[in-house]
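Subject: Structure handover

Hello,

Here is the structure I promised to pass on. Please open it first, then read the notes below.

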Amino acid sequence: MSKSILLRGAALIFAALSPVVLCAQFQQPSEEELKMTSDPKAPGADAVYFEINEVADDPMHYQSTYARIKVLTEKGKERATVELPYLKGTYKVADIKGRTIHPDGTIIPLTVKPEDLMVAKTGERQIEKKVFSLPSVEVGSVLEYSYHIRYDDDEYSSPEWEIQRKYFVHKAHYQFTPFKSFAPEGTPDTATSRYLVDEYGRTVNSLIWWNRLPPGVKMQTSVNGSYSVDVTDIPAIPDEEYMPPIESVLYRLFFYYKAASDPGKFWPAEGKLWSKDVDKFAEPSKKIHDAVGGLTAPTDSDLDKAKKLYDAVEALDNTDYSRKKSESEMKELKIKEAKHAEDTWAQKSGSSEDIAMLYLAMLRAAGLTAYAVKVVDRDRGLFDPQYLRLHQLDSTLVILSTGGKQILLDPGEKMCPFQTASWRHSDAGGLGQGADGVSFSITPMLQYKDNVTQRLGDVYLDAHGEVTGHINIVMTGQRALHWRQRALEEDDAELKKQFDREELERIVPTGVEAHVDHFLSMNDPYTNLMAVVNLKGTLGTATPKRLILPGFFFETSSHVPFVNEEKRLEPVDMHYGERVSDDVTYHLPDGTTTEGVPQDANIGWPAHALLVTKSVTRPGQIEIGQTLSVAFTFAKPDEYQDLRGFYQKVAAADQEQLVLTLAPSAQAGPVGVAH
Amino acid sequence: MQARISMSRILAVAGCCSAALLGSHFAAAKEKSQPAPQWALDAAKTPTPANVGDASAVILLDDYLITVDEQNHAVERERYAVRILKPQGREYSHCEAEYDNDEKLDYFHSWTIAADGHQLQAMDTDFADVEAYGYADLQATERFRILKPPGSDPGAVVTCETEVHLRPYMSSEDWQIQAPIPFVDEALELALPSGGHYADSWSHYAPIKPLETADNHLRWEITNVPALDLENLHATPPWEALAARMTVTWGDQAAKGADNQWRAIGLWMDQLEAHRPDPTPEINAEAQQLVAGAPDLYTKLSRITSYIQNNIRYFIIVKGIGGWQAHYAGDIYRNRYGDCKDKTTLLISMLQAIGVRAYYLHVNSERGVIDPSAPSLIGNHMITAIELPDGEKDPRLVARVKAANGKTLLIFDPTDEETPVGLIRGELQGAYSNLADGADSQVLKMPVLPPDSASLNRKGSFTLTADGTLSGDITDVFSGVDAARERGLLKEADTKELRDTLEHSLSSDLPSLDFKGYEFHKTDALDQPVTLDLHVSDSRYAHAAGPLLLLRPRIVGDDAEPVPEVMENKTRTYPIEIGRPGNHPGDWRDSFDITLPPGYVVDETPDPVDVDTDFASYHSSTTAKGNVLHYERDYLVRQVEIPAEKAADFRKLESAILFDEKGAAVLKKQ
């Protein structure tokens, strides 16, 4: 059956059905709902959804939404304003109805015509939105609204259900009726003809869904050819510190049309196509061979060749860190979008993706065995093989196979040293090429020992607590990479300000001003990055007889994570493990004696984290060291209490004090006020 | 023909549309490239002045031509050229043009002239149109066309030319003479119709005379204006309150002299809102019902203002002149929503219904932006001036001011849902406003309230054990403007956010905090205090050092507002804003009692602190009596800002507060 026949059929069905049967009807709230002032299922919530009903009917090119919301606080009134964005020309938002019901049962209908506003427009594409605000809303009101979205006959659409919302949902019903050819098995009169193709020209023959549903909830199918999900008591979107990417924890269900139906068939087929595209782009052409010949020597070891080529592509203009040329600019400059690795090499410029593929081509041209691996950026999401979409993978890396080892390389990550990867690409899942074809792949986790920050300081004190001094902050691994990448976007003066604000203000004690004087090795990713910092200000507290100082100079006033969060629902994601090692020498005023120093300590969370502190007293000096090693990246909720216990001990240790007794000559008179 | 698979989730499209569209290129450039015009080439030749410092970009040219026709309708052409000096300077090359249904954008062209002289013309795909505001409660038909210029690399000069038909009902423009980066050449040219007249006013810039370049063509030219960069300064007035600008007015509003210009603006506003506040029968009835039985004017005002604050939700879709003109009171009352003009309109209406006169008062949400010597429409907020009868002395009606015509006016912001009638929040105190009162329209300075208009009385009772654990309860009683702030916090934050906020604040003083709970006590009456009870414990509050136990008697609370550059004794040019978060006068007191562990005596206490200045005072003391250590302090602020010349006094005050807040008591085991 051709598309036109199918659409005619759809139009007839649409004409035969009354819209009344397609949308939920407004309903009278119960007395209990009207009088409700808080919700025991959602303590403290500003609003709750009593009901959500989303129905999508693709043959009829139609979606409807119905919502009933209880406003519990002033902030909850924000739910009264509803924005419905849509793509102009393709979609139409229609039949908007709404009303507000006061706690006394008074009903105020929506009578103001919704406004149609432009959200954004570029070229031919324009996003508009319908906006309406329900009238006379007060705390305690029940808000109720519904609307329809219709779309063009030559459009196919499949819903994506965001089952978890900003506010608690008591009850929700989601329903999707696809074209009959995509209906659940067993649906009578299933048509088989359609003409949908994907980007590779394959006939799209399957409706696929991916879901993360609450425990015990399953999608239902019906004999009339629809899919549905009914849920109750859905908690609000979680908000905890150090959560995994939010995309990876929410309850959702996505439908989409594809050319394969199950993971067993999808990924091999999709992986094969992806790999073919990679190999085509990364073909070691003559120009690539020539370039490689000029960059390497035949006598170089495999690793030397790989490093020389890596440094060469790292030196190119990576437009993800500089500026992507616009279409008009490329036209004017007669530059074409890179279709092959040699284009990127010729332009000496490309995206992270282009540069990674160029590197792959060069390795291959050098006669090395190298493969592409494509993963999910862990800052954005986690790979889910059940989610049958290649687009979830967004970062390309390279695996070099040499000497029996598989070495992960991240050439698209500017300033990333050879054989290192950004944390966003570590322990990240996706697809990888290999000798046996394409398979699921996961990149190695970073070692905490490779991400080290050392803070070494000399602090000179007088009897009033006035300090001067300097610290050197030496960074390797991810922190160095972070600041080197920032340096690509800002000049030196601006970078210093940002380092002052984002790093130093957080770690130096209150009363002490710390400013970067200069950086060392900012542009050399193979050397430790150092920030040389000057200190000035007042430290600790001076009493008439004593000087009381923070035992540990760094981070005594900063927020220690997890200490105040008793319960944990979601896993902990630290992004990467690291070691932070401090060593500060206090140079004391003459005649000072020590009454108390921080206790040496060794606090551990076995196999996960360790804090070691140590003090050494010498004439006129006290040297205090502290090393915090966080050797874990993830922790499950059931490990949380151990994790929290460790950080509570860390927080307590941070508060150790150094007590000095001043020389009698320095004890005269009150201090501080007259400064 | 094959069908398209549409984007599967419509809402997801719009959630990220603005950012996504700016970077997307799905429409081919249509125009044929044109060479850069001579003015752009000339501008690009302007050398970068030696004194630009570490500016990230420099504006080489900003030239306006405003052409006014016989109907006083104006067309504005702008030519702009900026040289990018650093990567972060690219943001200044993103030219934009504002337009609306009644503000037509005629054209928008741009050329980039690279450091090597190569030219690139921006094409369709380099522009994006985006909504102007896009807040849930503030929507508008107004839009911006934004350029992401090609070739915008350091060294390049980006030039832009736009032409816009200004709104037909507007007859003035504010010319921003200063920017966060330096200007080299800038000009404003006004082409008036025959017999047309104009007025100009200047803020933070010495007035200059225009050149008459032709009949009725006036041109003001300025060169080498330094950047106004406040990025690394703290506690300054807002940027807009310090930046140089000129306002030019044409047509009937172009009166000579500041007073006459303010009067003309007030008359224009009056005319715009004429009859908008007329009460409907429903409004009359509601107002009468609200004030029934009220014993005095304060009670009447309180009931009506509370009604507006509690029942009229902030929501507006601004369409064209709707940015200036309110809805009719009857519509606002029926829908129970509106913006600041609408809330003022309904308030004026309800007050009119009970025989009290009130006026529109145009203000800016940031103090100092409205300059009494530079009449303009630069305000961005509408509030209400309520006329008090002669002899009305109710001490609760604090925020009153005497107008030039002798009327006593009570200032009130109906959009501020937390501040009771009689008070105004810090941002408005001491700021200028424009009163719309017919021929008596004028610029009006709003009052700085006395210190007792805001207060916090904090009391804490704690027990310390020998292992260093401190446990106890704190009671905070907030009054006046401070109570309004707390109410705002309660309204804005959900339960988790509220607890997190309190916990975060407490844990900065109690690092090993065990936050046992809190209770807010408040009534619906906005003029009543808000009480907050906190229950805390800190297992490592006091620290043992040999036989000593060290603790800070100032358990919680933070009165210090150190301004880093002032504390470092750097020269101060701008006034210093003072008065805690909220920037207002007040009186804040702490009193803590700490019961000591058995066997310990006080060996040392911090010295008392006493500082008095004309703008603030601070007194604290720590005393020991029996087994109780007592700490108390009183911080009183009388102003909202102090001149730069008083930086030394400010430094002395802040040093003393900082010293006191860190002060430690030493306990010794007997």
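Which residue in β27(B) is the bridge partner of Gly460(B)? It is Ile474(B). Please keep in mind that this is a predicted model.

That pair belongs to a longer run. Strand β26 (residues 454-464) of chain B pairs with strand β27 (residues 470-479) of chain B. The sense is antiparallel, and there are 10 bridges. The hairpin of β26(B) and β27(B) has 5 residues between its strands. One residue to look at there is Gly468(B), with a positive phi near 95°.

β27(B) has another partner, strand β29 (residues 530-538) of chain B. These two strands are also antiparallel, with 9 bridges. Here Asp533(B) in β29(B) stands opposite Thr475(B).

Now the domains. Chain B is split into domain 1 (7-250), domain 2 (266-447) and domain 3 (452-669). The C-alpha centres of domain 1 and domain 2 of chain B are 35 Å apart. Between them, 20 residues of domain 1 of chain B are in contact with 19 residues of domain 2 of chain B. On the domain 1 side, the elements that give two or more residues are β8 (138-140), β11 (172-176), β13 (198-203) and α4 (239-242) of chain B. By class, that side has 7 nonpolar, 7 polar and 6 charged residues.

Next, how the chains meet. The contact takes 86 residues from chain A and 85 residues from chain B. The chain B side has 37 nonpolar, 24 polar and 24 charged residues. Strand β6 (residues 115-122) of chain A and strand β7 (residues 127-131) of chain B run antiparallel over 2 bridges. In β7(B), Asp129(B) is the bridge partner of Lys121(A).

Last, the cores. In soluble globular proteins, nonpolar side chains tend to be buried together. The largest nonpolar core in this model has 285 residues. Tyr359(A), Met362(A), Val398(A), Val82(B) and Ile411(B) touch the most other members. Helix α8 (residues 352-365) of chain A gives the largest share of this core, 10 residues. A second, separate core has 17 residues, including Val563(A), Val580(A), Tyr640(A) and Tyr647(A).

What is Ile411(B) in contact with, leaving aside its neighbours within four places in sequence? The residues are Leu361(B), Ile383(B), Ala385(B), Ala399(B), Val401(B), Ile424(B), Leu428(B) and Met446(B).

Best wishes

How values were computed:
Residues numbered from 1 in each chain as written. Chains lettered and ligands numbered in written order. Predicted model: local features only at pLDDT ≥ 70, side-chain atom pairs only at ≥ 80, totals over all residues. Contact = placed C-beta atoms within 7 Å. Nonpolar A, V, L, I, M, F, W, Y, C, P; charged D, E, K, R; others polar. Pairing = 2+ DSSP bridges. Helix = DSSP H or I, 4+ residues; strand = E, 2+ residues; numbered from the N terminus. Core = buried A, V, L, I, M, F, W, Y, C linked by C-beta atoms within 7 Å. Buried ≥ 20, exposed ≤ 12 C-beta atoms within 10 Å, placed from the backbone. Domains from an automatic or database assignment.
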